[in-house]
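Hi everyone, thanks for coming.

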Amino acid sequence: ELDAYKRARGVLSNELQNRQIEIAALVDGRNGHVLAAPTLWQNEFFMEKLPDELCQVVARASARNAQVKATVRVRTSEFMRFGAPRLRHKLNPDTPESGGHPQDTGSRWSVFRVVVTPVVPLDPSGDGWADEVEEYTDVRPQHRREGTRRRIETASAVLLSGDLLQGKTAINEAALQSVHLGFVGMYGLDLRDGSLELLSSAWMPIPETYSFG
């Protein structure tokens, strides 16, 4: 089991390096506890609970037994506990940029594109088969016997990946390649006060000889 755990951590580290992302972890879908974290994280984080914002997405994917994609903001102080590698991914080293790592900018929040994928079905009986959970469409006690029932499966382990948006120039460069000039940026909107925060951007100067006609 120890060897399997080490291999899992190595696979997760490869996920970080190959995809240039900060978060990759195998997580218990029922409680948000980390089952395996990448060796590239300074903190092993084994059996520690993820921040609540990530746990909510994990719970949705587990309950649906389906992949869930979301944009999530996590307190920077919580994210820094992982000890994740700092990445400044650019397709072209000469591309001007703005927006930076939340640790540098002092931003209270770190914003991620998150994907949660169920990988292990729930099997509390231990018979090797996914156990089904009965769910009543009519939950009133007096109608439970007559209520229509459907069966659902939940996932006990999920793969969580998260791509930090702050300072990721490459995301904007990909959009900029279609027009080859101008500015592309990603902003975070605070719904409480309507304020905007620049997460990352890229721009290409307009040539002096360029014609808008």
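Predicted model: local features only at pLDDT ≥ 70, side-chain atom pairs only at ≥ 80, totals over all residues.

Residues are numbered from 1 along each chain as its sequence is written, and side-chain values use heavy atoms, with hydrogens and water left out.

How many salt bridges does a search of the whole structure find? The search gives 8, where a salt bridge is a side-chain nitrogen of Lys or Arg within 4 Å of a carboxyl oxygen of Asp or Glu.

Let's start at Arg81. Its salt bridge with Glu48 has the closest N and O atoms 3.3 Å apart. That pair links distant parts of the chain, 33 residues apart: Glu48 is in the loop between β2 (34–36) and α2 (52–64), and Arg81 is in the loop between α3 (76–80) and β4 (97–98). Helices here are DSSP runs of H or I, at least four residues, and strands are runs of E, at least two, numbered from the N terminus. Arg81 also forms a salt bridge with Glu78, at 3.2 Å between the closest N and O atoms.

Now to Asp163 and Arg113, whose side chains meet at 3.2 Å, N to O. Asp163 lies in strand β8 (residues 155–164) and Arg113 in strand β5 (residues 109–121), 50 residues apart. Shared partners join Glu22, Arg113, Asp163 and Lys168 into one network of salt bridges.
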